[in-house]
Amino acid sequence: MYRVRALTTIAYLSPMIVGVGLISLYPIAYNVFISVTNQNLFHFRRYSFVGLANYQSLLKTLDADFFIVLARTFLFVAICIPLFLGLGLLAALALNHPAIRFKAFWRVALIVPWAVPSYITALVWKFFFNGEFGTFNQLYRLVAGPQAGLPWLTDPNWAFGSIVLANLWMSYPFFMVVILGALQSIPSELYEAAAIDGAAAWSKFRRITVPLLRPAILPATVLSAILTFNTLNTAFLITAGGPFTSAAKPGATELVMVYAFREAFQLFNFGYIAAFAVVIFAMLFAVTLGSLRFTGLVREEAR
Amino acid sequence: MRVLSRYGVPALIYVFLTAMVIFALFPAFFVVQAAFRPGQSLYSLTLSLWPDHPTLDNFTYIWTKIPFPLWLRNSLGISVGTMVAGLIGSATGAYALSRFRFAGKQMTLILLLAIQAFPSVLALIPIYLILKTVGLVGSPFGLVLAYMSVALVFCTWNLKGYFDTIPRELDEAALIDGCTVTQAFWRIILPLSVPALAVTALLMFLTAWNEWVMASVLLLDENTYTVPVGLYGLQNDYRVPWGYFAASSLIVSVPVMALFLGLQRYFRSGLTVGGVKG
């Protein structure tokens with residue numbers, strides 16, 4: 001760390017600061033501004049100030065869209081993360097087993113879902129789930145007869161589960177890679193010493209593997225939870241937020257970002273959704289800051 | 001018991017791994033077979049895992065009858081633009097944040113963190129309205145600007161993180177020997193950071209190449225579409241063979257998947273990548 005002339009500092013920082021200021025910071029400030037106006041499709045140019053009315057309608061009752069969508073997204077994250085983590089952990093443990101041959105092959109094959117662009121993942125799974133031509137119902141008809149079909153995307157609960165499945169496919173490799181890296185950095189002496197002391201496989205796993213994996217798993221989980229909270233492609237492209245049971249209520253797979261996208265770019269309620277964005281952002285930023293304190297997700301930034 | 005752990009456990013693991021590989025690769029296999037499937041034959045009620053008469057018709061069609069080559073060119077231009085502008089815009093700033101001591105540094109870092117916590121879908125709302133006001137909705141340049149709002153912050157974090165790992169003694173010694181700050185940056189830091197610069201650049205490229213949401217809102221004319229927007233339109237209508245979508249998907253994703261799989265050994269930690277793959 002060294003001191004340089006103020007002019008040098010400014011020269012080095014300015015491209016980034018000016019850029020970030022103009023194209024990242026200014027839009028965020030502008031978003032706060034829109035959130036106190038009634039800008040929408042009917043008042044696109046001639047909008048007026050409405051104070052905190054958008055925030056009020058956002059939070060007015062417990063059955064407001066905001067809380068429905070938020071609760072549903074929390075549920076989505078709460079279901080997804082253990083599945084991602086569990087499958088990723090199993091795959092990593094399998095890949096790390098000393099008796100397994102051709103590790104490079106298995107590893108690359110299992111990472112493939114991570115490498116697929118997420119919009120393509122979504123559109124392919126959307127086809128799998130199709131009631132008539134979808135592969136899953138084609139398979140199901142083999143066992144259940146030609147008239148059968150499961151409501152993959154047409155029943156609210158099934159649709160929610162389908163989205164979880166598509167996201168599981170896409171997301172477990174991240175945990176697998178993180179955990180595999182951590183497993184490989186555990187010194188084998190620890191296991192050998194435990195074996196000499198007569199430890200069983202399960203207690204080796206409990207007492208050595210799990211504690212030593214924790215520092216890698218914790219930040220990965222926080223990051224994945226935030227990304228899963230922000231899911232858009234693999235929900236919107238598959239179900240468009242539906243199925244919808246009532247015109248006045250959010251659809252069954254309308255997660256936070258799907259809701260924001262629909263309200264903004266299909267219904268054009270800019271003022272309202274800007275207020276929504278401010279509240280969601282405040283939550284996400286609090287989580288980010290909080291997670292920094294206890295996981296070291298971004299280390300030593302305070303130095 | 002010993003026999004079980006000698007043979008039984010590995011056998012079980014192989015069964016599990018095989019099941020996982022089927023799960024992991026089936027969608028990719030499905031797209032490949034669909035790409036070679038003629039006409040509407042995919043729209044069938046019964047399962048068929050390989051076309052009876054494989055054909056290249058879908059590839060010929062997308063290459064000659066729809067603006068797919070144009071979408072590829074648009075995507076390439078926009079992704080390269082985002083990548084280059086993101087790196088150039090962030091490298092010196094990342095260096096300053098890693099090495100200089102100045103007032104407001106802490107503030108800057110927290111600000112960058114806050115911006116990164118702002119989901120791009122939500123950021124798209126004000127960006128759309130601003131671009132609309134200045135008449136850049138529909139323009140590829142507007143889309144690059146929108147991508148830059150993510151790219152600059154991401155590149156700054158990523159590069160600063162890498163610069164921090166370069167031993168300070170190296171550039172400090174150079175400064176004591178009479179090097180200027182600029183020389184230390186160009187002659188010491190940048191050459192040592194080539195792998196990090198390359199990985200950051202490629203991640204930026206991949207992010208822009210694979211981005212659908214912003215592009216779908218900010219591009220209006222079929223001739224300015226990037227590949228993701230174009231592909232979205234190819235799969236939404238059951239009168240159009242899904243094979244067109246499958247063939248296009250193969251062409252756009254095989255190279256970037258190869259790149260991603262080849263590079264993943266060099267990712268400093270999965271976390272950096274996880275943060276950007278959208």
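**Domains of chain A**

I started with how chain A is divided, and found domain 1 (1-33) and domain 2 (67-262); such bounds come from an automatic or database domain assignment. Taken over C-alpha atoms, the centres of domain 1 and domain 2 of chain A are separated by 38 Å.

A note to myself before going on: this is a predicted model, where local features need pLDDT of at least 70 and side-chain atom pairs count only at pLDDT 80 or more, while totals for chains, interfaces and linings use all residues. Residues are numbered from 1 along each chain as its sequence is written, and chains are lettered from A and ligands numbered from 1 in the order in which they are written.

**Confidence**

I looked up pLDDT, the predictor's confidence in each residue, from 0 to 100. Chain A has a mean pLDDT of 89, with 97% of its residues at 70 or more. Residues 297-303 of chain A fall below 50, and this stretch has seven contacts in the model beyond near neighbours in sequence. I count a contact when the C-beta atoms of two residues, placed from the backbone, lie within 7 Å.

**Make-up of the two chains**

Next I listed helices (DSSP runs of H or I, at least four residues) and strands (E, at least two), numbered from the N terminus. Chain A has 12 helices and zero strands, and chain B has 13 helices and zero strands.

The C-alpha atoms of chain A fill a box of roughly 75 × 75 × 35 Å along the principal axes; for chain B the box is roughly 75 × 70 × 30 Å. I also checked the radius of gyration of chain B, which is 24 Å, whereas a compact globule of 278 residues would have one near 19 Å. That radius is taken over C-alpha atoms, and the globule rule is 2.2 Å times the number of residues to the power 0.38.

For burial I used C-beta atoms placed from the backbone: a residue is buried with 20 or more others within 10 Å of its own, exposed with 12 or fewer, and partly exposed in between. Buried residues are 40% of the 303 in chain A and 44% of the 278 in chain B.

**Where the chains meet**

How many residues does each chain bring to the contact? I found 76 residues from chain A and 73 residues from chain B. Helix H1 (residues 2-35) of chain B supplies the largest share of chain B's side, 13 residues. By class, that side of chain B has 53 nonpolar, 17 polar and three charged residues. Here Ala, Val, Leu, Ile, Met, Phe, Trp, Tyr, Cys and Pro count as nonpolar, Asp, Glu, Lys and Arg as charged, and the others, Gly among them, as polar.

**The largest core**

A nonpolar core is a set of buried Ala, Val, Leu, Ile, Met, Phe, Trp, Tyr and Cys residues joined through C-beta atoms within 7 Å. The largest one has 163 residues, and Phe175(A), Ala260(A), Leu124(B) and Ile125(B) touch the most other members. Helix H6 (residues 140-165) of chain B gives the most to this core, with 16 residues. Each of domain 1 and domain 2 of chain A puts in at least three residues.

I then followed Ala260(A): leaving out residues up to four places away in sequence, Ala260(A) touches Ile273(A), Phe276(A), Ala277(A), Val121(B) and Leu122(B).

**An enclosed helix**

**Loops of chain A**

Is Lys60(A) buried or exposed? Lys60(A) is exposed, with 10 other C-beta atoms within 10 Å. Lys60(A) is found in the loop between helix H2 (53-59) and helix H3 (65-96) of chain A.

Last, I checked backbone geometry, bearing in mind that most residues other than glycine have a negative phi, and most peptide bonds are trans. The bond from Gly242(A) to Pro243(A) is cis, with omega near -5°, and Pro243(A) lies in the loop between helix H10 (233-239) and helix H11 (256-265) of chain A. Ala240(A) is found in the loop between H10 and H11 of chain A, and its phi is positive, near 55°. Phe268(A), in the loop between H11 and helix H12 (270-295) of chain A, has a positive phi of about 60°.
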